[in-house]
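Biologist: I'd like to go through the side-chain contacts in this one. Can you put it up?

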Amino acid sequence: MPSSFHASITTVEAWTGGYCKNFMLLVDKGLLTMKRSSLPFFGVGLALTLSFAPLHISPLTPQPVLAQTQQNLDVELAGHLRVIEKNWRGEQKVAWRSLEGGFMRPAPRVKPGDTIRYTVSGNNRTEQPISGLVLTDDLPANTVYVMGSAASVGGATITYSIDGGKTYSANPTIRVTLPDGRVETRPAPAERYTHVRWTFQNAVPARASVNGQYQVRVQ
């Protein structure tokens, strides 16, 4: 009979010299690994959480479980800055530049008013599907969610929190007291959004990847 495990991850930050350093976290006998790229720090703190429904894997002795499953799922977070560039014809176009920079290109400078796109990727490194994947990312400090920007690759239901991650809804609302005393329910403004969550309905196929994206505006 297959064994059942429940994996979860908690936030780990490693800010040094203005950068969030790479790190890897093993959870529940190596069922999960997490990697975070080095992202330039501009007064914004990042956090990422991930959880699973029970995972079913073949029975293994304790030591092989760690050795064989430490690469089961890689979770990566990447950030890109929205920039306007001109092509050889002088036409303007939108481009996304990595916050890490690249070969012969330094990391871009981020300033208030800029738009950042974050991508959270889950990469299945096994030869079997992984089901019950839920990715949750909290919005960085000093930013505001860009309404309607959340998307996914892999068929996820997207929900949001406006109370620090306590509850989630596809369409968060707030209650507003009007001057005449009546209470009215209205859509929550972008400034109230604190978390984005992607609940993947289908299993992540073997050797496949899924991801979730959203954008924020730097204040």
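Biologist: Which residue lies over the face of Tyr168?
Modeller: Arg197 does, at 3.8 Å from the ring centre. Keep in mind that this is a predicted model.

Biologist: OK, rings next. How many aromatic pairs does a search of the whole structure find?
Modeller: Five. One of them is Tyr145 with Tyr160, a tilted pair with 5.5 Å centre to centre and 50° between the planes.

Biologist: Where do Tyr145 and Tyr160 lie?
Modeller: Tyr145 is in strand β13, residues 143-145, and Tyr160 is in strand β15, residues 156-161. The pair therefore ties together parts that are 15 residues apart in sequence.

Biologist: Is Tyr160 buried or exposed?
Modeller: Tyr160 is buried, because its relative accessible area is 11% and the cut-off for buried is under 20%. Tyr145 is buried as well, with a relative accessible area of 2%.

Biologist: And what is the geometry of the pair that Tyr145 and Tyr193 form?
Modeller: That pair is stacked, with 5.2 Å centre to centre and 10° between the planes. It links distant parts of the chain, 48 residues apart: Tyr145 in strand β13 and Tyr193 in the loop between β17 (183-187) and β18 (195-200). Both of these tyrosines, Tyr145 and Tyr193, are buried.

Biologist: Which residues form an aromatic cluster?
Modeller: Tyr118, Trp198 and Tyr214 form one.

Biologist: Switching to the nonpolar core. Which residues of the largest one touch the most other members?
Modeller: Tyr145, Val196, Trp198 and Tyr214, out of 31 residues in that core. The elements giving two or more residues to it are β9, β11 (115-124), β12 (133-138), β15, β18 and β19 (209-218).

Biologist: Which element gives the largest share?
Modeller: β9, with five residues.

Biologist: Back to Tyr214. What is it in contact with, leaving aside neighbours within four places in sequence?
Modeller: Among them are Tyr145, Val196 and Trp198.

Biologist: Salt bridges, then. How many are there?
Modeller: The count comes to six. One of them joins the side chains of Arg97 and Glu85, at 3.1 Å from N to O. Arg97 is in strand β10, residues 92-98, and Glu85 is in strand β9, so this pair ties together parts 12 residues apart in sequence.

Biologist: How accessible is Arg97?
Modeller: Arg97 is partly exposed, with a relative accessible area of 24%. Glu85 is also partly exposed, with a relative accessible area of 24%.

Biologist: Which residue does Asp114 form a salt bridge with?
Modeller: Lys111, with the closest N and O atoms 3.4 Å apart. Asp114 is buried, with a relative accessible area of 12%.

Biologist: And Arg182, what is its partner?
Modeller: Asp180, and the closest N and O atoms are 2.7 Å apart.

Biologist: Are Arg182 and Asp180 buried or exposed?
Modeller: Arg182 is exposed, and Asp180 is exposed too.

Definitions and conventions
Residues are numbered from 1 along each chain as its sequence is written. This is a predicted model: local features need pLDDT of at least 70, side-chain atom pairs count only at pLDDT 80 or more; totals for chains, interfaces and linings use all residues. Side-chain values use heavy atoms; hydrogens and water are left out. Rings of Phe, Tyr and Trp (its six-membered ring) pair if their centres lie within 6.5 Å; planes under 30 degrees apart count as stacked, over 60 as edge-to-face and the rest as tilted. Helices (H or I, at least four residues) and strands (E, at least two) are DSSP runs, numbered from the N terminus. Buried means under 20% relative accessible area, exposed over 50%, partly exposed in between (1.4 Å probe, protein chains only). A charge sits over a ring if NZ of Lys or CZ of Arg is within 6 Å of the ring centre and within 35 degrees of the ring normal. A salt bridge is a side-chain nitrogen of Lys or Arg within 4 Å of a carboxyl oxygen of Asp or Glu. A nonpolar core is a set of buried Ala, Val, Leu, Ile, Met, Phe, Trp, Tyr and Cys residues joined through side-chain atoms within 4.5 Å. Contact means heavy atoms within 4.5 Å.
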